[in-house]
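Me: I would like to go through this structure with you, beginning with a term and then moving from one region to another. Could we start once it is on the screen?

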Amino acid sequence: MKDKPLDPPSQFLEALSTRGLLNHLPQGVFLVDRSQTIVYWNPAAAHITGFSAEEAVGRHCSFLSGIPCGRTCGLYDPQTPKPIIGVRCTIRGKNGQRIDLSKSVDFLFDDKGEILGGVESFVDISPMKGLERRLRRHVLDREQEVRRRTAQLEAERFQLRAMLDAMNDLAYIVSNDFRIEYMNRAMVDAFGECIGSCCYQVFFQRETPCTDCPIEEVRAGRTVHRECTFPSLSRTYEGIDTPVHGSNGVLGKLAVFRDITVRKEAAERLVEANRELDAFVYTVSHDLRAPMTPIIGYAEYLQQNYHQVLDDTAMKALKDIELQGHRMMALMEDLLILSRVGRLDAPPRQTDTVKVVEQVLSDLRSTLAEKGVAVQIGDLPDLRIPDTLLSEIFSNLIGNAVRYGGGEGKSIEVGGSVQGRRKQIFVRDHGVGISPAEKDRLFDPFFRGENAREIPGTGIGLAIVRKIVRLHGGRIWVEPTDGGGTTFRLEFDEKAELPS
């Protein structure tokens, strides 16, 4: 059997009197009689409005200047059903500030059921109203920004499509599921109208996406360059795939293809012509060496064994034949080197540049001693160039620096630097320098400057250097040395694709 609930003690009943409850409620509460004169005003009402109970009790409730209750009070309006729950109004507090309220109103009855007056409870919703206003303004601002941005995107999309339509290049836009969303005029002329179809089906005649499709790289925000062909078109195209937002705002792919068939065929013909030219130069240079050896030999023999019977004119002629023969042999050697430059593949590992330079200096030690020139080696980056070709580069550049810029007490500096994936090398001398007029022709085959007339050479060396540098994805240029002289600079991009 359950225990009977205990009746509350009488002191609790006294503590829970109506006035006690109203005084402790967090909501503002006031009571009015039938003439709408305030007869009770609780502490929360005083806190919300700023009017104390002494200032409010005995006054008509309209002193709060409520809107809309000041115009029409629903308490005694027979057309307004009671209770009135959660209506909003605005009053003026004691200091004149605007206060937004949410209130509820109902009748008070006596024991006989007669109306004594009314009761109103209210809470301050001003902070919430302010938040609502700020939120509405924020929403309106965002809506305006969205409309502005949407209009801007539409304008950009219209301009993009207008430009694409004006191009002769093929262009189309696909979504992430490979559906064609747009084709420019050139693409439609080539394939017909294919909007909504899968690009790999209509363009590449495949049942599944292309294995080399760059869509994943494009989704990651990267631009992809590639070469491709379309099965239905007997042409070769250079493609550029870039990210672009489709009509639904989702990131898709814009593909533009330029016909490079003629250019590619011309490049292949040029490569073949260069191969044939290199082969011809190699053959001619190699074959011409054979007759030059006996010519030089006979000239030396006649000078050594018949100098007593030959006059000075004949001896001078024989000496000139010998010198010109040696000059022709040197020219043949340089031409052979020039023709062989493109025949060596890049090594699997980088070449020790410092070691190559030290070997070149060892080969030039007698010339350096004769000239009284000191060579200073600084930091040098390793390069992915065959050591024989790298030796050819430094042999020419350091050799030229010694011949044209060297002298007693002069110095030559060899150094380099690394900036990211770019590697630079320089060879600097402190000689007479190069005139601006000769600067642009310096790397032309057989060109020799004014200050080289009395110095032996073929004019092929710098052409060999430039060819080696270009074949390994680099560039070479010349600039004046501060204080006089010449500085040759070479730059290589280790990530660059080597020319074919």
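Reply: A definition first: a residue is called buried if its relative accessible area is under 20%, exposed if over 50%, and partly exposed in between. Please also keep in mind that this is a predicted model.

Me: Then is Thr-49 buried or exposed?

Reply: Thr-49 has a relative accessible area of 1%, which is under the 20% limit, so Thr-49 is buried.

Me: Where is Thr-49 found, and what does its side chain reach?

Reply: Thr-49 belongs to helix 3, residues 43–49. Its side chain reaches the backbone nitrogen of Phe-51 at 3.2 Å.

Me: Which residues does Thr-49 touch, leaving aside those up to four places away in sequence?

Reply: Thr-49 touches Trp-41, Ile-91, Gly-93, Lys-94, Ile-99 and Phe-122.

Me: What joins strand 8 to strand 9?

Reply: Six bridges join strand 8 to strand 9 (residues 233–245), and the two run antiparallel. His-225 stands opposite Ile-240 of strand 9.

Me: Why is strand 6 described as largely enclosed?

Reply: Five of the five residues of strand 6 (residues 170–174) are buried, so the strand is largely enclosed by the rest of the structure.

Me: What are the pairings of strand 6 with strand 10 and strand 7?

Reply: With strand 10 (residues 251–259), strand 6 pairs over five bridges in the antiparallel sense, and Ala-171 stands opposite Val-256. Three bridges join strand 6 to strand 7, again antiparallel, with Val-174 opposite Ile-180. The hairpin of strand 6 and strand 7 has five residues between the strands, and Phe-178 there takes a positive phi near 70°.

Me: Which residues share an aromatic cluster with Tyr-172?

Reply: Tyr-172 forms one aromatic cluster with Phe-191, Phe-203, Phe-204, Phe-230, Tyr-237 and Phe-257.

Me: How many aromatic pairs does the structure hold?

Reply: The structure holds 15 aromatic pairs. In the case of Tyr-301 and Tyr-306, the ring centres are 6.1 Å apart and the planes stand at 65°, which is over the limit of 60, so this pair is edge-to-face. Tyr-301 is partly exposed at 43% relative accessibility, and Tyr-306 is partly exposed at 38%.

Me: Changing topic: how do strand 11 and strand 12 run?

Reply: Strand 11 (residues 374–377) and strand 12 (residues 411–419) run parallel and are joined by four bridges. Glu-413 of strand 12 is the bridge partner of Gln-376.

Me: And strand 12 with strand 13?

Reply: Strand 12 and strand 13 (residues 422–428) run antiparallel, joined by seven bridges, and Val-418 stands opposite Lys-423. Their hairpin has two residues between the strands, and Gly-420 takes a positive phi near 65°.

Me: Lastly, where is Glu-491, and what does its side chain contact?

Reply: Glu-491 lies in strand 15 (residues 486–493) and is buried, with a relative accessible area of 11%. Its side chain makes a polar contact with the side chain of Gln-424 at 3.2 Å. Not counting residues up to four places away in sequence, Glu-491 touches Arg-422, Lys-423, Gln-424, Gly-474, Arg-475 and Trp-477. Arg-475 lies over the face of Trp-477, at 4.2 Å from the ring centre.

How values were computed. Residues are numbered from 1 along each chain as its sequence is written. This is a predicted model: local features need pLDDT of at least 70, side-chain atom pairs count only at pLDDT 80 or more; totals for chains, interfaces and linings use all residues. Side-chain values use heavy atoms; hydrogens and water are left out. Two strands pair if DSSP finds at least two bridges between them. Rings of Phe, Tyr and Trp (its six-membered ring) pair if their centres lie within 6.5 Å; planes under 30 degrees apart count as stacked, over 60 as edge-to-face and the rest as tilted. Buried means under 20% relative accessible area, exposed over 50%, partly exposed in between (1.4 Å probe, protein chains only). A charge sits over a ring if NZ of Lys or CZ of Arg is within 6 Å of the ring centre and within 35 degrees of the ring normal. A polar contact is a pair of N or O atoms within 3.5 Å; within protein, one must be able to donate a hydrogen and the other to accept it, and residues adjacent in sequence count only if both atoms are side-chain atoms. Contact means heavy atoms within 4.5 Å.
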